[in-house]
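Subject: Structure handover

Hello,

Here is the structure I promised to pass on. Please open it first, then read my notes below.

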Amino acid sequence: MIASTSPLITPLNELSVLVMLIFMSAVGTLVNTPVRIRSTGHSISWNETALVMALALAPTPWVVLCTAAGVALASLRLPPIKLAFGVGKNVLMAVGAGATLHAAGWDGLSGDPWLLIPPLAAAYLAAALLDEALAMPVIALASRTPISQHFRNNLDLRIAGYLVRFCVAIGSLLILEADPRLLLAVPPLVLSLHLAYAGRIRQRTEQQVWQRLAQTTDALNVVELDEVLTTAVTRASELFSADEVEVELRETDRVVRGGAEGVSYDGPADESTTVQGAVVPVRLEGHDKTVDVGMLRLRFRGPVKLSEREHYTLYTFASALCTAIRNAQAYAELARVAQAHAHDATHDALTGLPNRRHLLDAGNDHLNQRHADGVTALVLIDLNHFKEVNDTLGHTAGDQMLAAVAERLRAAAHAEDLVARLGGDEFAVLLRALPAPAVAAHRTETLLAALHEPFDIDGMRLNVEASGGIAAAPATGGMVELLRRADVAMYQAKRAGQRLASYASARDTADLGRLTLGGDLTRAVADHEFTVKFQPIVELGTGKVIAAEALARWRHPTHGMIDPLRFLETVERSGLLPAFAEAILDQALIAAGTWRDAGFDVPVAVNVSPRSLLDTRFPGSVLARLRAHDLPPDRLILELTETLTLSQLDVVDQVLTRLRDAGIRLALDDFGTGYSSLSLLSRIPVHQLKIDRSFVTAMESSTEAAAIIRSTLDLGRSLDLAVVAEGVEREAQRRTLWELGCTAGQGHLFARPLPAGTLLAALQRGTGDRTGCLAVALHDAGAVVRLPQGRRQGGRGRHQPA
């Protein structure tokens with residue numbers, strides 16, 4: 001037999017010792033405090049205490065064998081894998097503790113009792129560390145929770161328990177050595193300590209649970225339903241140590257699943273879960289059990305039986321969750337009703353478009369925040385003869401037409417535009433982030449074109465005619481002033497029989513300062529206060545001056561130099577237009593004659609008022625002035641505005657035909673800013689198109705402006721028309737336009753508007769040794785230049801400016 005290492009065992013029967021060791025190991029395993037972590041059970045036992053006592057009484061091999069037998073007997077009801085793990089863990093603890101005891105020089109219980117404590121403490125520490133190191137990772141792996149969380153959880157209580165159990169082991173050994181009969185007092189002491197420790201563990205656990213429950217119910221007090229459900233699944237997973245938490249809402253057939261990491265599924269209830277095992281369901285019905293909101297389910301991957309305390313906690317949590325869900329649903333309904341009321345207050349009930357109030361608020365916000373985001377403009381669109389639809393077909397048909405018009409305008413507008421109905425048959429479109437003011441006309445034309453196709457109303461196809469007014473945002477006055485200006489422009493279009501009109505302060509009857517100038521017109525014409533300045537038109541490739549545009553100025557004795565936009569409308573309506581036109585034409589032709597006499601045969605371009613084209617005497621007056629100054633007709637270019645819808649009148653056709661047949665050349669000014677460009681070109685075979693300066697300014701930053709320039713140049717090439725770009729201010733713009741195929745341009749890059757004598761001096765001075773040139777050529781004379789594709793080659797056509 002194996003010799004004992006303790007004198008106390010020597011007289012005892014070896015079989016009795018083995019039975020006692022097995023019994024101690026079994027009791028140490030059975031006396032435990034169970035703790036559930038998800039579906040994994042964990043117990044705090046007295047194994048290390050029994051183990052150290054056994055090592056003090058018997059050799060290590062005996063202890064190892066008896067520990068395996070005792071743990072196996074105590075764990076027979078467990079699954080085989082847990083039984084094997086328990087036996088293996090305790091065997092390793094016995095080996096480790098025995099080796100530590102042997103290394104500490106242990107020679108049995110004989111000798112000074114105080115000398116027993118250090119080696120036994122070392123063995124006990126080894127057993128405790130092995131217990132923690134072997135059990136915690138396995139539990140963490142089985143429950144898929146962090147290892148550090150288990151090491152930190154109740155660390156103070158675990159350390160205290162180890163100390164108490166070590167003291168019990170040492171005390172029991174000392175009692176055994178002094179008087180074995182006193183061992184009868186050890187079991188009651190062990191039981192009392194175990195119950196006290198287990199009670200402390202339960203108290204600590206319950207305290208933590210109630211704290212987490214209070215924190216969870218507080219976290220549920222939010223008004224967003226999604227946040228409530230997310231909080232529920234994440235917090236309940238921690239609170240009940242569940243593998244997955246599922247909340248099912250009955251009314252919406254919605255299921256939200258997740259764990260401590262967050263929500264893993266949010267969707268219809270027919271989607272099955274991937275967590276198979278035990279399910280603990282509880283209804284979400286509140287304290288009064290009168291409202292069934294849905295179901296809360298705790299899912300575990302293994303078999304689980306909740307304690308009575310856990311069941312009570314679960315019902316408390318479910319009640320709080322039911323209340324939180326109902327509150328969030330009620331808040332959502334209140335928010336929906338409030339949003340609906342707010343929407344109704346700012347939107348038109350018939351069309352669903354924003355109303356006047358919304359337009360003003362959104363427009364003011366945009367105007368207050370704008371910096372470098374482009375130009376803002378407002379378009380007012382009014383349906384013509386809409387009252388006839390209501391009177392003839394009834395208001396139901398009228399409402400259908402208004403709704404259809406709203407839908408077409410919404411579809412034709414850009415994403416950044418705001419389409420609104422102001423009331424009746426009046427609509428508005430706020431155009432935001434425009435690259436240039438002139439682009440507003442093209443956007444408006446797109447909107448009006450969307451209304452061109454007939455509407456199907458009650459089985460009938462009805463056409464809609466509309467008038468539009470455009471106004472760019474003013475520097476001051478906000479949306480109220482912008483809306484007023486657009487309204488002025490729209491009524492100007494209606495009165496003139498036009499489809500579209502842009503706001504101009506010169507035609508605004510609310511401009512009192514302009515009205516005060518009317519009384520000074522007669523004196524101004526008589527005293528020759530109107531003067532003319534000339535801006536040269538330059539061939540872009542060579543820098544040579546090929547024409548000059550005459551620009552009228554009023555040098556008022558009191559108000560100083562007055563902008564033409566402020567007095568031209570007044571001149572047109574004053575009856576002094578013929579005298580004014582003759583005065584400007586005279587000065588322009590005199591300048592052209594002076595340049596010719598100096599050796600510069602430069603044609604002059606003069607702007608023509610649309611009202612002058614209604615006067616059948618106008619062609620005779622122009623030809624008479626040409627004869628008086630001995631200039632051929634082709635040295636005069638008359639520039640017509642693109643908004644000239646009066647060209648539809650026969651008298652205008654007659655006037656333009658006489659001018660054209662006489663050899664006077666016609667140019668379409670500000671091309672691209674109005675809607676009637678193509679209709680005018682089909683009616684009036686002009687010689688020249690002038691691209692508005694706003695497109696030139698924006699072409700480098702706006703693809704839309706660049707596309708308009710390219711299309712204008714293509715149109716000019718296809719119709720054999722010269723194209724002049726206005727507003728050329730930088731060399732890069734000049735080169736880009738020339739490369740696109742534009743032959744001529746004018747702008748500050750070459751010269752500002754100059755008096756006739758100053759321009760002549762500039763022509764005589766020239767650039768370098770080239771007289772008549774105001775800019776360096778883009779290429780050397782005689783150089784081979786690769787022209788852009790599609791660019792017209794060869795000499796100037798018959799419709800070139802010079």
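Two strands count as paired if DSSP finds at least two bridges between them. Keep that cut-off in mind for what follows. Note also that this is a predicted model.

By that rule, strand 9 and strand 10 (residues 426-434) pair over five bridges, in the antiparallel sense. Gly 423 stands opposite Glu 426 in strand 10. Both strands belong to an open sheet of five, in the order 9-10-8-13-14. The pairing in this sheet is mixed. Strand 9 (418-423) and strand 14 (500-502) are the edge strands, and each pairs on one side only. Neighbouring strands are turned by 20° against each other on average, direction ignored. Helix 13 (residues 395-412) packs on this sheet and touches strand 8 (375-384), strand 9 and strand 10. The helix direction makes about 5° with that of strand 10.

Five strands form an open sheet in the order 5-4-3-7-6, with antiparallel pairing. Strand 5 (262-268) and strand 6 (278-284) each have a single partner strand, so one side of each is left without a neighbour in the sheet. From one strand to the next, the twist averages 15°. Strand 6 pairs with strand 7 (residues 294-300) over seven bridges. There, Val 280 stands opposite Leu 298.

Best wishes

Terms used. Residues numbered from 1 in each chain as written. Predicted model: local features only at pLDDT ≥ 70, side-chain atom pairs only at ≥ 80, totals over all residues. Heavy atoms only, no water. Helix = DSSP H or I, 4+ residues; strand = E, 2+ residues; numbered from the N terminus. Axes fitted to C-alpha atoms, helices over the stretch in contact; angles between N-to-C directions. Contact = heavy atoms within 4.5 Å.
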